[in-house]
Amino acid sequence: MGKSSGDPRRKARLQAVRKAFGLRQQDVADRGGIGLQTVTMLEGGYTEGLLIHRRELYAKGYGLTVAQFGDLLSGALTAKAAIAIIGATGTAGSVSDAA
């Protein structure tokens, strides 16, 4: 994965969504079936070159659809809107709820 343009707002959006539901980075990794290092890289701004076939896993970790996750990364979806979507769809549960 290459480093993105370093948009600190992207980092803030991902962290806000995760923290709104009391999830740790490890929780997001477990829910999505991805490594902790991947979540750390996502939240650190290293999003360029994400494997397209794994975007479903990244999105699942945050409780979003692939399209919603893409919009969150790009800024088309705000953290507040993502939090509302997750709350409305009930995908925010704990790791044990997500399994």
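Accessible areas come from the Shrake-Rupley method with a 1.4 Å probe. On that basis, the accessible surface of the protein chain in this predicted model comes to about 5,300 Å², and 55% of this surface belongs to carbon and sulfur atoms. Of the 99 residues in the chain, 35% count as buried.

The secondary structure consists of seven helices and zero strands, giving the pattern α-α-α-α-α-α-α along the sequence. Among contacts between residues at least 6 apart in sequence, 61% join residues at least 24 apart.

In soluble globular proteins, nonpolar side chains tend to be buried together. Here, the largest nonpolar core has 19 residues, and those with the most contacts inside it are L14, V17, Y62, L64, F69 and L72. Two or more residues of this core come from each of α1 (8-20), α2, α3, α4 (55-62), α5 (66-74) and α6 (79-89). Leaving aside residues up to four places away in sequence, L14 touches L42, E43, Y62, F69, L72 and L73.

Two packed helices are described by the angle between their axes and the distance between the axes. The table gives these values for one pair.

| Item | Value |
|---|---|
| Angle between α2 (residues 25-32) and α3 (residues 36-43) | about 115° |
| Distance between the axes of α2 and α3 | 8 Å |

The crossing of α2 past α3 is right-handed. On the α2 side, Q25, Q26, V28 and A29 meet L36, V39, T40 and E43 of α3. By class, this contact has four nonpolar, three polar and one charged residues.

Notes: Residues numbered from 1 in each chain as written. Predicted model: local features only at pLDDT ≥ 70, side-chain atom pairs only at ≥ 80, totals over all residues. Heavy atoms only, no water. Axes fitted to C-alpha atoms, helices over the stretch in contact; angles between N-to-C directions. Helix = DSSP H or I, 4+ residues; strand = E, 2+ residues; numbered from the N terminus. Left-handed = near helix turned anticlockwise from the far one by under 90°. Contact = heavy atoms within 4.5 Å. Nonpolar A, V, L, I, M, F, W, Y, C, P; charged D, E, K, R; others polar. Buried < 20%, exposed > 50% of the residue type's maximum accessible area, 1.4 Å probe, protein only. Core = buried A, V, L, I, M, F, W, Y, C linked by side-chain atoms within 4.5 Å.
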